[in-house]
Amino acid sequence: MSGKARFLTFEGGEGAGKSTQIRLLANWLETQGVEVLLTREPGGSPGAELIRDLLLKGAVDRWLPISEALMLAAARADHIERTIKPALEAGKWVLCDRFYDSSVAYQGAGRGVGIEEVQHIQEIAFGDMRPDLTLILDLPVEIGLKRALAREGAKSDMEDRFERMERSFHETLRQAFLSIAEREPERCVVLDADQAIERLQENLRTIIMDKALLS
Ligand code: TMP
């Protein structure tokens, strides 16, 4: 089967299990005859991966919130032009671990840059580039942070600058993602991420089928 190229993004706070779910979904889509490109943000192109390093490592107060928003938009513009658009033009499905909404939630709401300001910055950087579907994995902050901490303990890349921000910051993010879903119910689906990996994966596949994205 080879339908239309689709652009799917996965969003949520820390420790929601996005990366695991994306990998499982990509494997399943391939069994359905879909060619998939898995990518992530910040990153996904050589230049954007360099910016990722700057953003995710080091002291919590390393950057001003506005500098973060600008760097993320710069990285995203590069990622879109050099990775996402070529893959979509080649007929692939693009599955992206975080995108536009993470900047709205993290920098716009969490870091206080302002939602409209972040939207404006992104518009300047790359115009309008919206996913066909955004899956928001929602989970209580406490559980997410605990999971994220366990994961970081097992890794050595120290990409935990945002995880180390205050608890109230993470609560704000959660609400910001839920508000995005309320504002754009056509594009966004919220899923309860506090459930077994297999169950959550089943739910994701059902959404893809229900929305007839494979045809
Ligand atoms: P992740 O690989 O766990 O998703 O880590 C990416 C981190 O970067 C995560 O803490 C959220 C943060 N981030 C932003 O603050 N704004 C953004 O626009 C993006 C894409 C990520």
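**Basis.** I am working from a predicted model, in which local features need pLDDT of at least 70, side-chain atom pairs count only at pLDDT 80 or more, and totals for chains, interfaces and linings use all residues. Residues are numbered from 1 along each chain as its sequence is written, and side-chain values use heavy atoms, with hydrogens and water left out.

**Terms for spaces.** I use a 1 Å grid over the protein atoms alone; a cavity is a set of points where a 1.4 Å probe fits but cannot get out. A pocket is an open set with protein on both sides within 12 Å along at least five of seven lines, and a lining residue has an atom within 4 Å of a point. Points are joined across faces, edges and corners, and a volume is the space filled by probe spheres set on them.

**Largest pocket.** I count 41 lining residues, with Lys18, Ser19, Asp97, Arg98 and Arg151 nearest the centre. By class I get 18 charged, 12 nonpolar and 11 polar residues in this lining. Here Ala, Val, Leu, Ile, Met, Phe, Trp, Tyr, Cys and Pro are nonpolar, Asp, Glu, Lys and Arg are charged, and the others, Gly among them, are polar. For elements I take DSSP runs numbered from the N terminus: helices are H or I of at least four residues, strands are E of at least two. Helix 1 gives the largest share of the pocket lining, 6 residues. Among the other elements that supply at least two residues each are strand 2 (36–40), helix 3 (65–89) and helix 8 (197–210).

**Ligand.** I asked where the ligand sits. It sits in the largest pocket, meaning that more than half of its atoms lie within 2 Å of the pocket's grid points. I find 15 residues around the ligand, and Glu14, Arg76, Arg98, Ser103 and Gln107 come nearest; a residue is near if one of its heavy atoms lies within 4 Å. I then went through polar contacts, which are pairs of N or O atoms within 3.5 Å; within protein, one must be able to donate a hydrogen and the other to accept it, and residues adjacent in sequence count only if both atoms are side-chain atoms. Arg98 has a polar side-chain atom 2.5 Å from a ligand oxygen, Ser103 has one at 2.6 Å, and for Arg76 the distance is 3.0 Å. The protein covers 92% of the 480 Å² of accessible area that the ligand has on its own, by the Shrake-Rupley method with a 1.4 Å probe. Helix 4 gives the largest share of the shell, 4 residues. The shell holds 7 charged, 5 nonpolar and 3 polar residues.

**Cavity.** How many cavities of 30 Å³ or more are there? I found 1, and the largest cavity holds about 140 Å³ of space. Its lining has 16 residues, including Glu14 and Arg174 among those nearest the centre. Helix 7 gives the most, 4 residues. I class 9 of the lining residues as nonpolar, 4 as polar and 3 as charged.

**Backbone.** Most residues other than glycine have a negative phi, and most peptide bonds are trans. I noted that Arg98, in the loop between strand 3 (93–97) and helix 4, has a positive phi, near 75°. The Glu41 to Pro42 peptide bond is cis, with omega near -10°, and Pro42 is in the loop between strand 2 and helix 2.
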